[in-house]
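Subject: Handover of a structure and its findings

Dear colleague,

Please find below the structure that I am handing over to you. My findings follow directly after it.

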Amino acid sequence: MPIFTIAIVGAGPAGYFAAQALQNSQNEERTFAIDMIERLPTPWGLVRSGVAPDHPKIKTVSKVFEKIAADSNFRLFANVEIGGDLSIAHLQEKYDAVIVATGSALGKTLGIPGENLAGSMSAADFVPWYNAHPDYADINPPLDCETAVVIGAGNVAMDVARMLALEPSELDTTDTADHAIAALKKSAIRNVYISARRGPEYAAFTSPELRELPKLEHTNVVIKKDDIDAAIARAGDAPEKDVKSNLDAMLVIAESEKSMHERTMHFLFQHTPKEILGSDHVEGIVYSTPDGDVTIKCGLVVTAIGYQAVSIEGVPYENGKVINIDGRVKENLYVVGWAKRGPSGVIGTNKSDAAAVVELILSDLQSPKSAGDISQLLTNQNVVDQSTWQKINEAEIAAGESLGKPRKKAITRAELLHLGGL
Ligand SMILES: Cc1cc2nc3c(=O)[nH]c(=O)nc-3n(C[C@H](O)[C@H](O)[C@H](O)COP(=O)(O)OP(=O)(O)OC[C@H]3O[C@@H](n4cnc5c(N)ncnc54)[C@H](O)[C@@H]3O)c2cc1C
């Protein structure tokens, strides 16, 4: 029976769902040997380094990933970077098909004066800092100010604002990086502004996340009722379902009585960032608004306005995404997930997307090329295979147990490799 070899670059949701679709399409005529290659010593992509630590249920999708990885025709090669340790061309030569599933890890920028000041950073750096991504452990966001501003009207902006505004002891039972919990406990931030360029009816937040905000035990959440009333009027009699449910959720917040908590999260709408103020670090931000310019004094600005893919040599890019037609890139190269579509949708969106690309791959495959695999090329490398990853995973879970955490994450590559016995 023909065995086709498939390399998947990137162990995030899109990569796993592509592997799953391949596994599900095996029959008497074809099977697949799948090698998944990941630059970090840990798999799961943004499920580990993006999803907010106070949303542990979302991370249970990792159980699905581990089931996919348990298949005897699946191998993990983590701690191997494509573009660094090995090239895309190497993979294209060896494998019948190569699927790029590398996500988008670079934060988009505003292009306004002051954006490069110390204390102005992207959510693409801030989020992996609190989630224990080894490359972001040292970013040290300034938390010694009274006010922080988060720019963006999507769930990433809301995650960042919530992490800054919640009572940090609420993180003790989560898998937040130890360094972040320690820093947030010392944080002087008591006011967090989350600002959107347009009105509430255009916000990309999703309603379950909005409905969760009033449940924060130690944080006041403030939305101006006038903003929501005006948005409801503008949205008219028959707003789209998502818009209506967002506006309903925001109205509940706007109408709720304000508590006396010392921490407050404020929503600002129709605030377009114009300039970040400061001489050598952030001291404030100027917005243009329908009522004229408004300045907010602050010491931290986090921008959460989207992501772009990091380029890998041999892969064509345009507008922060891999150039593709329905997932086909060139020759035997394909793309799935955020690298293909850009940063949109929920984790599940990557499943249908990957399944559709796998359909195309199936229609393109002819006969196996039997050109070997990458294991011969990685002799000098500390490769984290599935059994090494399982050791890391189990060690982290065990370390968290007595602390009441789902896991205590190791931070540096060296620590992770050590847990894996390398
Ligand atoms: C802050 C944040 C919070 C989110 N919260 C939620 C949520 O609560 N619920 C939800 O449904 N969705 C959430 N999402 C969206 C979800 O995480 C994405 O839809 C999903 O992770 C995209 O999957 P992906 O596989 O394309 O990319 P990723 O998850 O980014 O995975 C890409 C993988 O490729 C690896 N890689 C990159 N370059 C290379 C290379 N050169 N060589 C080898 N490996 C490489 C990366 O290390 C990474 O592991 C969130 C996203 C963010 C940013």
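In this predicted model, the residues of the shell around the ligand divide into 18 nonpolar, 12 polar and four charged. The shell comprises 34 residues, and the closest to the ligand are G10, G12, G45, G103 and G337. Four elements each contribute two or more residues to the shell: helix 1 (13–24), strand 2 (31–38), helix 6 (155–165) and helix 11 (338–341). Helix 1 gives the most, with three residues. As for the placement of the ligand, domain 1 (3–105 + 308–384) and domain 2 (109–305) both supply residues to the shell, so the ligand lies between them.

Nonpolar side chains tend to be buried together in soluble globular proteins. Here the largest nonpolar core has 118 residues, of which A18, I99, V150, A157, V160 and Y334 touch the most other members. Helix 6 provides the largest share of this core, eight residues. Because domain 1 and domain 2 both give residues to this core, the core lies between them.

Seven of its eight residues are buried, so helix 5 is largely enclosed by the rest of the structure. The buried residues are A123, A124, F126, V127, P128, W129 and Y130. After helix 5 comes A132, which has a positive phi, near 70 degrees.

Finally, I turn to a sheet. Strands of a sheet pair through backbone hydrogen bonds, in either a parallel or an antiparallel arrangement. The sheet in question is open and has three strands in the order 11-12-13, with antiparallel pairing. Its edge strands are strand 11 (272–277) and strand 13 (292–297), each of which pairs on one side only. From one strand to the next, the twist averages 25 degrees. Strand 12 (residues 284–289) pairs with strand 13 in the antiparallel sense over six bridges. Which residue of strand 13 is the bridge partner of V286? The partner is T295.

With kind regards,
A colleague

Notes
Residues are numbered from 1 along each chain as its sequence is written. This is a predicted model: local features need pLDDT of at least 70, side-chain atom pairs count only at pLDDT 80 or more; totals for chains, interfaces and linings use all residues. A residue is near a molecule or strand if its C-beta atom, placed from the backbone, lies within 6 Å of it. Ala, Val, Leu, Ile, Met, Phe, Trp, Tyr, Cys and Pro count as nonpolar, Asp, Glu, Lys and Arg as charged, and the others, Gly among them, as polar. Domain bounds come from an automatic or database domain assignment. Two strands pair if DSSP finds at least two bridges between them. Axes are lines fitted to C-alpha atoms, for helices over the stretch in contact, and angles run from 0 to 180 degrees between N-to-C directions. A nonpolar core is a set of buried Ala, Val, Leu, Ile, Met, Phe, Trp, Tyr and Cys residues joined through C-beta atoms within 7 Å. A residue is buried if 20 or more other C-beta atoms lie within 10 Å of its own, exposed if 12 or fewer, and partly exposed in between; C-beta atoms are placed from the backbone.
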